[in-house]
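Please find below a colleague's note on the structure under review. The comments are set out as numbered points.

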Amino acid sequence: MNKKVEKKNSYDATEDLAIKKVVYKKDKTQYFLLAILIILFGLTFFSCLYYIGDYYKEKYDYDKNAENIAINNKKINALITNNGAIDFKVIDDNATEEKITLESLSSVSITTNNTSKSNGKLIFNVKYDIEENTFPYNLVSKTDSPLLVRFAYSLDNENWTYVNNVISTNNSNITPLMGNYFDISGLKNSLSVKTNYELTSSPGKTEKIYWKSETVITPNNNLKDNELKANFYVEYIDNK
């Protein structure tokens, strides 16, 4: 007679627990390594940004608080720095001042690679955009206008040449007054200070030019709450 043999599955809880501990430890180690890799990647990325910033700061006077436009290709390395935001309102604290001058500065640097067989060049526009202007409009330009502006350029940031040519807007032209000032009282438009200006440098050389605007405001009690919001900047033109 055949006897039924009943097989019993042996279950070792201790062994199963040990396996789970090994798997858990392995997963924990993988997560730990992944976290380290993420941290290292983040540090490397921010270090790269820091050193790039330092490079431009040393070579091109890179301003972290300004708008910086880098142009890099096989022939040139260039940097445009704009720091020309203007926001002024006549209030009690400044209404009695005789004259207030607000300066805005932009710069353009270009370096042509040593291997280039010809000069490198950068083409750009210089603009003064008036976004808000509630000062009284003058039908005829006046030298004693409460709101005047003039523009200048320099190769060394010390000796300045003032722009004395007619400046165009979207729908008109503005003629310079005595002292190379332009009357912009009440004007809300975009002023084209220079159009298609070209800066060049020879192979291995760096050239730099500075541009500035001088906004002159003569406030008084009758001009309270009048305000000006404008932006002076260099606009890069892709000259491929």
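1. Basis of the model. This is a predicted model, in which local features need pLDDT of at least 70 and side-chain atom pairs count only at pLDDT 80 or more, while totals for chains, interfaces and linings use all residues. Residues are numbered from 1 along each chain as its sequence is written, and side-chain values use heavy atoms, with hydrogens and water left out.

2. Overall fold. The protein chain contains one helix and 13 strands; helices (H or I, at least four residues) and strands (E, at least two) are DSSP runs, numbered from the N terminus. Along the sequence the pattern is α-β-β-β-β-β-β-β-β-β-β-β-β-β. Of the contacts (heavy atoms within 4.5 Å) between residues at least 6 apart in sequence, 74% join residues at least 24 apart.

3. Surface and burial. The accessible surface of the protein chain is about 15,900 Å², and carbon and sulfur atoms account for 51% of this surface. Areas come from the Shrake-Rupley method with a 1.4 Å probe; for residues, only the protein chains shown count as cover. Of the 240 residues in the protein chain, 35% are buried. Buried means under 20% relative accessible area, exposed over 50%, and partly exposed in between (1.4 Å probe, protein chains only).

4. Aromatic pairs. Six aromatic pairs occur in the structure. Rings of Phe, Tyr and Trp (its six-membered ring) pair if their centres lie within 6.5 Å; planes under 30 degrees apart count as stacked, over 60 as edge-to-face and the rest as tilted. Tyr-153 and Trp-211 form a tilted pair, at 5.3 Å centre to centre and with 45° between the planes. Because Tyr-153 lies in strand 6 (residues 147–154) and Trp-211 in strand 12 (residues 206–217), this pair ties together parts that are 58 residues apart in sequence.

5. Trp-211 is buried, at 0% relative accessible area. Tyr-197 and Trp-211 form an edge-to-face pair, 5.3 Å centre to centre with 90° between the planes. Tyr-197 is in strand 11 (residues 190–201) and Trp-211 in strand 12, so this pair links parts 14 residues apart in sequence. Tyr-153 is partly exposed at 27%, as is Tyr-197 at 24%. Phe-124, Tyr-153, Tyr-197 and Trp-211 form one aromatic cluster.

6. Charges over rings. Arg-150 lies over the face of Tyr-162, 4.1 Å from the ring centre, and Lys-212 lies over the face of Trp-160, 4.5 Å from the ring centre. The criterion is NZ of Lys or CZ of Arg within 6 Å of the ring centre and within 35 degrees of the ring normal.

7. Val-193. This residue is placed in strand 11 and is buried at 2% relative accessibility. Not counting residues up to four places away in sequence, Val-193 touches residues including Val-126, Tyr-128, Phe-151 and Ile-167. The C-alpha atoms of Val-193 and Val-166 are separated by 8.6 Å, and these residues are 27 apart along the chain.

8. Nonpolar patch. Leu-33, Ile-36, Leu-37, Ile-39, Leu-40 and Leu-43 form a nonpolar surface patch with about 570 Å² of accessible area together. Patches are made of residues with over 30% relative accessible area and no salt bridge, with like charges joined within 9 Å and nonpolar side chains (Val, Leu, Ile, Met, Phe, Trp, Tyr) within 5 Å. A salt bridge is a side-chain nitrogen of Lys or Arg within 4 Å of a carboxyl oxygen of Asp or Glu. Leu-37 belongs to helix 1 (residues 13–60) and is exposed, at 55% relative accessible area.
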